[in-house]
Amino acid sequence: MTQPSQIKNQLFKTATTATIARFARITGTGSYLPPNRVTNADLVSQLAATGIETSDDWIVERTGIRARHFSAQGVLTSELAVAAAQKAMQAAGLLASDIDLIIVATSTPDMVFPSTACIVQNKLGIAGCAAFDIQAVCTGFVYALSVANAMIQSGAANRAIVIGAETFSRILDFKDRTTCVLFGDGAGAVVLEASATPGILATDLHADGKHVGILCVPGNVGGGAVEGSAFLHMDGQAVFKLAVGVLADTARTTLAKAGKTETDIDWLIPHQANIRIMTSTAKKLKLDMDKVVVTVDQHGNTSAASIPLALDTAVRSGQVKQGQTLMLEAVGGGFTWGSALVQY
Ligand code: UT7
């Protein structure tokens, strides 16, 4: 039997494709952090017990991070993703059965396959709609938003849930102080709906595969074991240099595509990796830091989850308001980078 929401979808599709331009708008946001909050002081003492030396001063000064959340052992990315998705759907006033596209951006999937998106779909109690993962590491959410936007604009979907979710604690080598103090776990999600009013104004995506080795988990499964390393490896300085080089450029490209300028940005919502990268990008875009959403201090680097987590935090705290113009931008392993301009 045809459900009322299916009839509504069909009517909307017919009306919008026939008569008016079709856009994708964010109609709900949600996020989830695992309850175990680990401060720098907690981490310093845990690492000291295994002979690894670091300090709150070093972590704060070099990164801006003060705390992060770690999932309990056995908690997988899909659980965090589902919790964030449910909050986003609640904010949008939708039921899981209204969703016709699920995209999960993650580098820490539950399994080699199937996709975490399929696992999320099942946990949401729905079936039939398209569901797939996007792998662009820390740029994953911007990639996923861009793909969902294109699918909605083309009429391939009407109501998407786009999730960034990670359990990076599983791939951290706690003997490597240059990486283990930087990352955390979490998930953020947005509901994206077809609309006659512009929402996602423009996007810009890039990758340069010659930098694969500077940020990677260089392992695979084969013969029933992990071949290579299952831990995150990063040349922090190389990533830092590339990041500060490309972020302002991609933001300017996206602004130009949308016919806007830096002065139109109400909020810069960057990937939350390092406060120094965010400050440098804001400066290049001539934005005061009071226009930058900063959550890296409380979340650490949650990779693909960091932007939707920051967005939801800013929406729920009342910082981000309806109608405001948001610049989302990220860099990550691959090397990947990109941005999206959003009218919220
Ligand atoms: O999410 C994807 C994008 N990722 C990023 O954007 C990360 C980009 N990179 C960065 O954010 C920074 O490069 C880091 C935060 C990773 C490192 O900061 P840095 O200012 O580039 O430090 P560094 O690697 O140059 O290391 C400086 C010193 C070294 O000691 P020496 O050689 O000067 O004696 C390190 O051994 O700091 C030492 N160090 C530490 N000391 C205390 C490295 N890690 C630690 C630590 N605690 N945890």
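Author: Happy to! Let's begin with Pro 114, which sits in the loop between strand S4 (101-105) and helix H5 (116-123). Keep in mind that this is a predicted model.

Reader: Okay, what kind of peptide bond joins Phe 113 and Pro 114?

Author: A cis one, and its omega is about 5°. As background, most peptide bonds are trans.

Reader: Is the phi of Lys 286 positive or negative?

Author: Positive, at about 55°, although Lys 286 is not a glycine. In general, most residues other than glycine have a negative phi. You'll find Lys 286 in the loop between H9 and helix H10 (296-299).

Reader: Got it. Switching to the ligand: how many residues surround it?

Author: There are 22, and the closest are Thr 54, Gln 237, His 271, Asn 274 and Asn 301. The shell around the ligand divides into 11 nonpolar, eight polar and three charged residues.

Reader: Which atoms of the ligand pair up with His 271 and Asn 301?

Author: Oxygen atoms. For His 271, a polar side-chain atom is 2.8 Å from a ligand oxygen. For Asn 301, a polar side-chain atom is 2.6 Å from an oxygen atom of the ligand.

Reader: And where does Arg 177 come in?

Author: Arg 177 has a polar backbone atom 2.9 Å from a nitrogen atom of the ligand. As for cover, the ligand on its own has 970 Å² of accessible area, and the protein covers 74% of that.

Reader: Which elements give two or more residues to that shell?

Author: Helix H3 (56-63), helix H7 (177-180), helix H8 (236-257) and H9. H8 gives the most, with four residues.

Reader: So which pocket is the ligand's space?

Author: The space taken by the ligand is the second largest pocket.

Reader: Then what's in the largest pocket, in terms of space?

Author: About 800 Å³ of space. Its lining has 30 residues, and those closest to the centre of the pocket are Ser 107, Pro 109, Gln 135, Val 217 and Gly 219. Strand S9 (215-216) and strand S10 (219-222) are the elements giving two or more residues to the lining.

Reader: Which of them has the largest share?

Author: S10, with three residues of the lining. By class, the lining of the largest pocket divides into 17 nonpolar, 11 polar and two charged residues.

Reader: Last topic: how many cavities of 30 Å³ or more does a search of the whole structure find?

Author: One. If you wonder how empty space is located, rolling a probe the size of a water molecule over the atoms shows where it is left.

Reader: Nice! Which residues line the largest cavity?

Author: The lining includes Leu 247, Pro 270, His 271, Asn 274 and Glu 329.

Note on methods
Residues numbered from 1 in each chain as written. Predicted model: local features only at pLDDT ≥ 70, side-chain atom pairs only at ≥ 80, totals over all residues. Heavy atoms only, no water. 1 Å grid on protein atoms, 1.4 Å probe; cavity = no way out; pocket = protein on both sides within 12 Å on 5 of 7 lines; lining within 4 Å. Points joined across faces, edges and corners; volume = space filled by probe spheres on them. Near = heavy atom within 4 Å. Polar contact = N/O pair within 3.5 Å; in protein donor to acceptor, adjacent residues only side chain to side chain. Areas by Shrake-Rupley, 256 points an atom, 1.4 Å probe, with all protein chains shown as cover. Sits in = over half its atoms within 2 Å of the grid points. Nonpolar A, V, L, I, M, F, W, Y, C, P; charged D, E, K, R; others polar.
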